[in-house]
Amino acid sequence: MKAVIIHHTDADGYISALVAKTALLERNADIELLFVPFDYKTPFNKELLQTDYLYLLDASYSPEVLTEIKKVLGDRFIWIDHHETAIKQSRTSNEIFSGVQSTETAACLLTWRYFYGQFSKAPLVVTQIALYDTWQHTSDWDTVTYPINLFVNTFWSDVASLNPAQLRDDNAILEAATIGQALYAFEQIDGERAARASRLDIIKIAGKELKVLSCNSTQHNSQFLAEYAVSNNIECDVFMNYHYGPNSWKISLYLPEGVDGVHCGELCKSISSNGGGHKAAAGCNVSDTEFRKLFSTLFDN
Ligand SMILES: [Mn+2]
């Protein structure tokens, strides 16, 4: 038997895929698994339909593509996702998809509950990555949650090489948090450096004039802009982090704490059809020409 697992390329996506891998191997040791990292630019590869099962985790395609996959695989296509814009969009197809589509928690915890039941206790790495991915700042954020996310993002991206024992080893993941703390310390120094090159502009996005604190950097999270904004008393509607390559601009939008009335996912969707995400964090890719047109303000001195 064969199963294809398409997963988002962030910690939530890796852990979702590892949970699926663990559950599938526990139920069928002979199962052949293929892991496919998902990105927003690559269209769905139809050759992947040559499988018994297809799991789409923490990721999505357009309603047309989702429907096409379902047409071939039926209930052997399992879609587990928590991205609000994607779930909303999929409803336009009037199709019911197997799996779980819910904004209740992160995809890794939804995947855990899908395979092991609503009430079974999830491993520490699952609950921590779920807290991270849904941006829930508990008192352990700096010492446990954020460092574990950094660790998983850095060292656990190749899901095929991970084994089920790693998923369940809570002590090992707590130890890994100390490695994550070192990564975090470096990220903060690096982030401060990048944030000094940020700028505040009024930019029209989706017909809305927004005060945008932006930074051209490969940093993938808003933490450094958020900290910079707080320590420098900068008020804005949205943080924007962007960088070029390969072949397009990658834009990430984040909501500053306390800001309401802005939905990053909707904004990204309106910037580009490949965009989407959550209210507080979302992303999209745009061509160089499009980027210069939409964000001409950024090229002013
Ligand atoms: Mn996620």
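How many helices and strands does the secondary structure of the protein come to? The protein has 11 helices and 11 strands. Here, helices (H or I, at least four residues) and strands (E, at least two) are DSSP runs, numbered from the N terminus.

## Before you start

This is a predicted model: local features need pLDDT of at least 70, side-chain atom pairs count only at pLDDT 80 or more, and totals for chains, interfaces and linings use all residues. Residues are numbered from 1 along each chain as its sequence is written.

## The overall picture

Let us begin with the whole protein. Its C-alpha trace spans about 60 × 45 × 30 Å along the principal axes. For 301 residues, a compact globule would have a radius of gyration near 19 Å, and the protein agrees with this, having 19 Å. That radius is taken over C-alpha atoms, and the globule rule is 2.2 Å times the number of residues to the power 0.38.

Of the 301 residues, 42% count as buried. A residue is buried if 20 or more other C-beta atoms lie within 10 Å of its own, exposed if 12 or fewer, and partly exposed in between, with C-beta atoms placed from the backbone.

## Two domains

The domain assignment gives domain 1 (2-187) and domain 2 (196-299); such bounds come from an automatic or database domain assignment. The C-alpha centres of domain 1 and domain 2 lie 25 Å apart. Seven residues of domain 1 are in contact with 12 residues of domain 2, where contact means that the C-beta atoms of two residues, placed from the backbone, lie within 7 Å.

Two strands pair if DSSP finds at least two bridges between them. Strand E4 (residues 77-81) and E5 pair in the parallel sense over four bridges, and Ile80 has Val100 in E5 as its bridge partner.

Another open sheet has six strands in the order E6-E7-E8-E9-E11-E10, with mixed pairing. Strand E6 (199-205) and strand E10 (276-277) each have a single partner strand, so one side of each is left without a neighbour in the sheet. Strand E7 (residues 208-216) and strand E8 (residues 238-244) pair in the parallel sense over five bridges. Ser214 stands opposite Met240 in E8.

Is helix H10 (residues 264-271) mostly covered or mostly uncovered? H10 is mostly covered, as seven of its eight residues are buried; among them are Cys264, Leu267 and Ile271. H10 lies across E6, E8, strand E9 (249-254), E10 and strand E11 (281-286), and runs at about 10° to E11.

## A closer look at Gly180

Gly180 lies in helix H8 (residues 170-195). Gly180 is buried, with 25 other C-beta atoms within 10 Å. Leaving out residues up to four places away in sequence, Gly180 touches Pro147, Ile148, Leu150 and Phe151. The C-alpha atoms of Gly180 and Val144 are separated by 8.2 Å, and these residues are 36 residues apart along the chain.

Terms used:
Axes are lines fitted to C-alpha atoms, for helices over the stretch in contact, and angles run from 0 to 180 degrees between N-to-C directions.
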